[in-house]
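Please look through the model shown here, beginning with a pair of packed helices and then turning to charged side chains.

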Amino acid sequence: MHTRRARAGGILNFLVGISACGETPTAGQAGGAVEKLAEAPRTASRWSEDPRHVELRRALGTGRLDQARALQAQLAGESGVEASLLAARIAALGGEEVEAARRIEAARRAAPADARVYASASEIHSAGGRMDSADEEIQRGLAAAGACAELERARGIYLICVPGGARAGLALLETALEH
């Protein structure tokens with residue numbers, strides 16, 4: 001339980017580190033895909049368990065951009081979907097939105113059915129206040145990959161960024177951590 005709360009706190013730090021959230025929809029308007037997430041079967045996460053990747057994701061989750069960039073440099077030369085997604089998150093955290101979008105699209109071309117692509121894009125959009133785009137990415141992810149922990153997490157972050165959605169968003173983050 002303590003670890004889950006620490007991870008949820010890290011996610012919140014990540015959101016604060018990127019930017020303030022927008023205030024477009026309300027939590028009541030944002031719930032459409034929540035039911036779809038709850039009803040569908042779960043898929044296994046495919047994030048690397050390589051300690052270097054885990055450390056890089058932890059640095060991103062806590063908003064430590066300098067550390068994330070240093071860790072990324074150690075992984076230079078690695079390619080693939082995870083490398084593109086981590087680079088997109090680093091770019092977004094550094095305010096490089098065009099580079100973040102470029103990296104997301106590279107990952108999408110490489111793995112169009114990978115939920116991590118849609119979840120990462122949604123989380124970046126949520127943190128940037130682009131709530132319609134964030135919701136679209138979750139919907140596209142559900143269509144392409146089905147419900148999974150990554151999309152639950154993305155929906156949780158989305159809900160945290162809309163007025164009145166924090167409680168439901170945190171509940172989804174807790175659920176995502178259990179899967």
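In which kind of crossing, left-handed or right-handed, does α4 pass α5? The crossing is left-handed, a term used if the near helix is turned anticlockwise from the far one by less than a right angle. This is a predicted model, in which local features need pLDDT of at least 70 and side-chain atom pairs count only at pLDDT 80 or more, while totals for chains, interfaces and linings use all residues. Residues are numbered from 1 along each chain as its sequence is written, and side-chain values use heavy atoms, with hydrogens and water left out.

Helix α4 (residues 65-74) and helix α5 (residues 81-93) pack at an angle of about 150°, their axes being 10 Å apart; helices here are DSSP runs of H or I with at least four residues, and axes are lines fitted to C-alpha atoms over the stretch in contact, with angles from 0 to 180 degrees between N-to-C directions. Where they meet (heavy atoms within 4.5 Å), α4 contributes Leu65, Ala68, Arg69 and Gln72, and α5 contributes Ala87, Ile90 and Leu93.

The structure also holds 15 salt bridges, each a side-chain nitrogen of Lys or Arg within 4 Å of a carboxyl oxygen of Asp or Glu. One of them joins Arg130 and Glu97 at 3.3 Å, N to O. Because Arg130 lies in the loop between α7 and α8 and Glu97 in helix α6, this pair ties together parts that are 33 residues apart in sequence.

Within helix α6, Glu105 and Arg108 lie three residues apart, about one turn of the helix, and form a salt bridge with their closest N and O atoms 3.1 Å apart.

Notes:
Helices (H or I, at least four residues) and strands (E, at least two) are DSSP runs, numbered from the N terminus.
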